[in-house]
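Please consult the sequence and structure shown below while reading.

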Amino acid sequence: MDQLEKLESESIFIIREAYQKYKKIAMLWSIGKDSTVLLHLARKAFYGHCPIPLVHIDTTYKIPEMIAYRDKIAQEWNLKLVVGSNDQALQNGMGPDKGRLTCCNALKTEGLQQVMAQYEFQGLLMGIRRDEEGSRGKERYFSPRNADFEWNYKEQPPELWNQFQTEFPEGTHVRVHPLLHWTELNVWQYILRENIPIIDLYFAKNGRRYRSLGCAPCTTPITSEAITIEEIIEELKNTNVTERSGRAQDQVDAYAMQKLRVRGYM
Amino acid sequence: MSELKIVIVGHVDHGKSTLIGRLLADTGSVPDDRIEAVRRRCVDQGKDMEYAFLLDALEEEQAQGITLDTTRIQFHSAQRNYVIIDAPGHKEFLKNMISGASDADAAFLLIDAEEGVREQTRRHATILKLLGIRQIHVVINKMDLVGYEQAVFEQIVAVCTDALAQVELQALSYIPMAAKHGENILARSAHLDWYQGRTLIETIDTLKAQHPEADAPTRLPVQDIYKFDHRRIVAGRLESGTLQVGDTIVCWPQGTRTRIKSLESWQRNQPLTTLTAGMSVGVTLEDPVFLQRGTVIAREEAPPLVGDHLKVTIYWLGQQPLRAGKRYTIKLTTQETTCEVAAIDHVYDSSDLSTADALDQVPTNFVGEVTLRTKQPLAFDLFTQVAETGRFVILDGFEVSGGGSIVGLADAVNQAKSQREAEPAAPRQVFRKKLKRSIVIEK
């Protein structure tokens, strides 16, 4: 097995483990490259089927192309899609002008919390990776969140030899992270090899492309001429800049992501 | 080529995260803006550049200057790709250390030249031994604090060699270093000109990946069974050996025999002809035999051991001690059943190896040589023969509280052993045998 096959195989093992352990399980789909790779891996794990419903948290601030792409793929691949949004907060005028972290908490974290409660999901597959940023670097494959949605990063279950702690006290839900050990470069190499359809926003137009996708007001494209997957891979091999440098919420303070993620952010 | 996993272990504050941070920075493995952000943060806090902050990203870790939890980062030398694993050195976080170290191909044991071999140095050595990690190098760090004295280095080498020998380990080399200043990481140190051996990066490039042996016995523990369409796909990860269409297989512990009908795949460029170790696979079988999660598929000629009395070595992490007579859950590959400790033969402290007097429990961070009795018979191997099916975890309630390896069969298992040696039966015969057994039980 080459490196990509090994990564793929490890991820499929984890996806299958989660599907076996949790009756009520969903997969978070942000429309970005990572969660779309996760979706592809699930279809591989289950031989073309995706028996796990997808959840998209729509903040209403998403880049419009993302919604169009989401609906197109959902139809083509016959996916069960749940779209959640924190309507109450939106009615009260929540937006990035109220403070970026406040907005992320309300529209993303609380939006997700509402969907999880409504559908009583016990497990949630997500496409986060260790190399994205420091607090994600400390994550587990099976990572519990308590009834208040909180991540107790100081007391995480041991994971050895692919034996995961899958059962927790009542009220806990488990975030499952099958791509935790992948890098940004691995993701693009895999997209190339597997020919996975990826949203156009990642490819350069007029000298700029999105390297990481989020809400329009808080996401800035990078300077790039890469218009093919091969060119993106070449660009990443030579870059000196972190992946999430264009994500405004990460830069609010030194531990912004840790603070968001402790409260249940993705 | 797939990457090689290296774990850095050692006593708290001996410089593990600093060494990794420096290695990543010097090899250009982290983006400039991430290094710059750390540099700015250190300036704000009135500190020298802390390379450890590249890994110790949590606020508490940076404030206290210690690693709470394990993390891992990919990096590459001119030769190949690596995953480097940071493991906390503090006694409180041993379960995080084991999480990090459990799947490593090689380990670097770090020792502070000023402090020498300490409690966690010894404990981590014991853990490396139990995890079966054999490629071990020792780094004597912070040589700048002892004036780069060769005599200090030699003295620690002697003590460490002895400590490792006590747990039947031997280091492949000892490297003097001043990680904070990058000395002997990539660049040789002018202060350490008495040292003729390899630098850290040269040593890393000598490490060997632990390749699965081609002739290893075939073990496919069933993870799940899918019936999304007309097929009944048996899914799992091939832990060891190979499988092909037409292979005669036996499903353990039941002992049912059938053959592989097809290897399943979806959207693959080339058809699958052989399944190899490590692959997450799906197969269909020729006969509709009874299977469930936990069933172990093996090729006919190399059956696993089957039994419900196992002699094991356990490293205990639980907050409560492992107690004789109490019920626990054992997870071995995808097999899961209730178990209890039937006998405790030997208990010792994982650091100083001192033997405990009482043999009714294994306290936290002690190692126990124990006989386990499982409720259901398990299919397994000795750890030294097939590591993947020879190790397990123990759960106390919900919590993973210990890990261990199977070292032998308890005497009471002779019956199971003979079952293993007996000719595997055809499906119908097994059905009859089961029926007979249940009649016996009813008597």
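How many residues of chain B are in contact with chain A, and how many residues of chain A take part? In this predicted model, 67 residues of chain B touch 58 residues of chain A, contact meaning heavy atoms within 4.5 Å.

## Basis of the description

The model is predicted, local features need pLDDT of at least 70, side-chain atom pairs count only at pLDDT 80 or more, and totals for chains, interfaces and linings use all residues. Residues are numbered from 1 along each chain as its sequence is written, chains are lettered from A and ligands numbered from 1 in the order in which they are written, and side-chain values use heavy atoms, with hydrogens and water left out.

## The interface between chains A and B

The size of an interface is often given as the accessible area lost when the parts come together. Between them, chain B and chain A bury about 5600 Å², with 51% of this on carbon and sulfur atoms; buried area is the accessible area (1.4 Å probe) that two parts lose on being put together, summed over both. B:Phe228, B:Trp266 and B:Phe398 contribute 13% of the area that chain B buries against chain A, more than any other three residues.

Seven salt bridges link chain B and chain A, each a side-chain nitrogen of Lys or Arg within 4 Å of a carboxyl oxygen of Asp or Glu. One of them joins B:Glu61 to A:Lys138, at 2.9 Å from N to O. The side of chain B that touches chain A consists of 21 nonpolar, 22 polar and 24 charged residues, where Ala, Val, Leu, Ile, Met, Phe, Trp, Tyr, Cys and Pro count as nonpolar, Asp, Glu, Lys and Arg as charged, and the others, Gly among them, as polar.

## Domains 1 and 3 of chain B

Chain B is assigned domain 1 (4-204), domain 2 (220-299) and domain 3 (305-418), with bounds from an automatic or database domain assignment. The centres of domain 1 and domain 3 of chain B, taken over C-alpha atoms, are 31 Å apart. Their contact takes 14 residues from domain 1 and 11 residues from domain 3.

These two domains of chain B bury about 1000 Å² between them, 63% of it on carbon and sulfur atoms. In domain 1, B:Arg123, B:Thr126 and B:Leu130 lose the most area to domain 3, together 45% of what that side buries. The count between the two domains is one salt bridge, and the side chains of B:Asp349 and B:Arg123 meet in a salt bridge at 3.4 Å, N to O.

## Backbone details

Most residues other than glycine have a negative phi, and most peptide bonds are trans. The peptide bond from B:Trp252 to B:Pro253 is cis, with omega near 5°.

In chain A, A:Thr60 has a positive phi of about 70° although it is not a glycine, and A:Thr60 is exposed at 52% relative accessibility. A:Asn206 likewise has a positive phi, near 55°, and is exposed with a relative accessible area of 80%. Buried means under 20% relative accessible area, exposed over 50%, and partly exposed in between (1.4 Å probe, protein chains only).
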